[in-house]
Amino acid sequence: DAAEKGGFETFMLKEIHEQADAVADTIADRTVRPDGVDLPELDDELLRGATRLIIVACGTSYHAGLIGRYALEEWARIPVEMDVASEYRYRNPVVGPGDIVIGITQSGETLDTLAAMRLARERGATVIAVTNIMGSQATRDAHSTVYTRAGLEIGVAATKTFVAQVAVMYLLALRMAELRGTLTPERRTELVTRLKRIPHDIGVMLDKGSETIDRVAERHFEKEFFLYLGRHVGLPVSLEGALKLKEISYIATDAYAAGEMKHGPIALLDQDTPVVVVATDSPVLEKVISNIQEVKVRGAHVIAVATEGTDLGDNAEDTLRVPPTDWMLQPLLAVIPLQLLAYRIARLRGLNVDQPRNLAKTVTVE
Ligand code: AGP
């Protein structure tokens, strides 16, 4: 058992530390050209001519899809719909020829995701699977498959498969942008260069460790509720951070678009509430800082995830720093402190992070 964990105390911690490799392996031979991405698994004509993309997934894979939606719309200028598979399959969706449906599932066996993919295929859509498992059912149900290369994930809480899925969504968005002529070669070069640097940045962050994360965990591990906020690509990162915390620590969490805060969740805040805000560099950072101020005025405790070198003023009690990168790529870095925070809190609560109660690694029932 100890050998399988490679010297780490749990599989989850080992897998968190494998994330630089998960991204590096996933992008490796697909980012050989400086100004573009190659995905030979997918038909160029299909990607060039698509009029709409629909992404279906569950849980963490759904969050990866949400990040993909921002990248696909921003870079490839294609409309993208996104739904949790268990909703999509039961709402008689309008889908058919001309649509590309992408099912994201690390296991390739999640029943709801498979059912949503099959429904779309029956109605004439082209179906692409994004999965980590060779030969899984999703690969058999789809017209084509793009593999993440995270290696086997044993911890029930998805970590390295998530960053690999996000990397695949970036690759797809860059490929489509090139085929559809929606990004200049200069911008594509910049993005490919930045993407290739991400594994290095993840490695540096993980090697350095973080006293701030340990301190925040010590201070808040007995709290009953955490609120997570984010905007744009920071929103799916917030959703994923909140899911990680509730899955392994059993602390109630809510994750919201920061701009929605004053439409309800702000009523939850009191002096005791830790509020995790994803505040990495982006064109919406000023808006996020205003949200942080609104939280602070209510006396809640702000834990910000911010880019190194960015000044958030004195609005956050604690700031978890991530290296700078292109703002669209920030999720690959910003999720890491949130995984570690959830991990530390769960360990302080004495819980089994690898096998949380009531959860299965693969959900093959409705
Ligand atoms: C992630 O931490 C969860 N265990 C869960 O939400 C998971 O992402 C979901 O069940 C989807 O699984 P899949 O990627 O294998 O389809």
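A residue is taken to be near a molecule or strand if its C-beta atom, placed from the backbone, lies within 6 Å of it. By this criterion, 16 residues surround the ligand, and the closest are G59, T60, T105, S107 and T110. The structure is a predicted model, in which local features need pLDDT of at least 70 and side-chain atom pairs count only at pLDDT 80 or more, while totals for chains, interfaces and linings use all residues. Residues are numbered from 1 along each chain as its sequence is written.

The shell around the ligand holds 6 nonpolar, 9 polar and 1 charged residues; here Ala, Val, Leu, Ile, Met, Phe, Trp, Tyr, Cys and Pro count as nonpolar, Asp, Glu, Lys and Arg as charged, and the others, Gly among them, as polar. Helix α4 (residues 59-76) contributes the most to this shell, with 3 residues. Helices (H or I, at least four residues) and strands (E, at least two) are DSSP runs, numbered from the N terminus.

Next comes the sheet. An open sheet is formed by 5 strands in the order β2-β1-β3-β4-β5, with parallel pairing; two strands pair if DSSP finds at least two bridges between them. Strand β1 (residues 52-57) pairs with β2 in the parallel sense over 5 bridges, and L53 stands opposite V80 in β2.

Helix packing can now be considered. Two packed helices are described by the angle between their axes and the distance between the axes. Axes are lines fitted to C-alpha atoms, for helices over the stretch in contact, and angles run from 0 to 180 degrees between N-to-C directions. Helix α2 (residues 19-27) packs with helix α8 (residues 160-180) at an angle of about 30°, their axes being 8 Å apart. That makes α2 roughly parallel to α8 (angles under 35 degrees count as roughly parallel, over 145 as roughly antiparallel, 65 to 115 as roughly perpendicular and the rest as oblique). The residues of this contact of α2 with α8 divide into 8 nonpolar, 2 polar and 1 charged.

The contact of α2 with α9 has 8 nonpolar, 2 polar and 1 charged residues.
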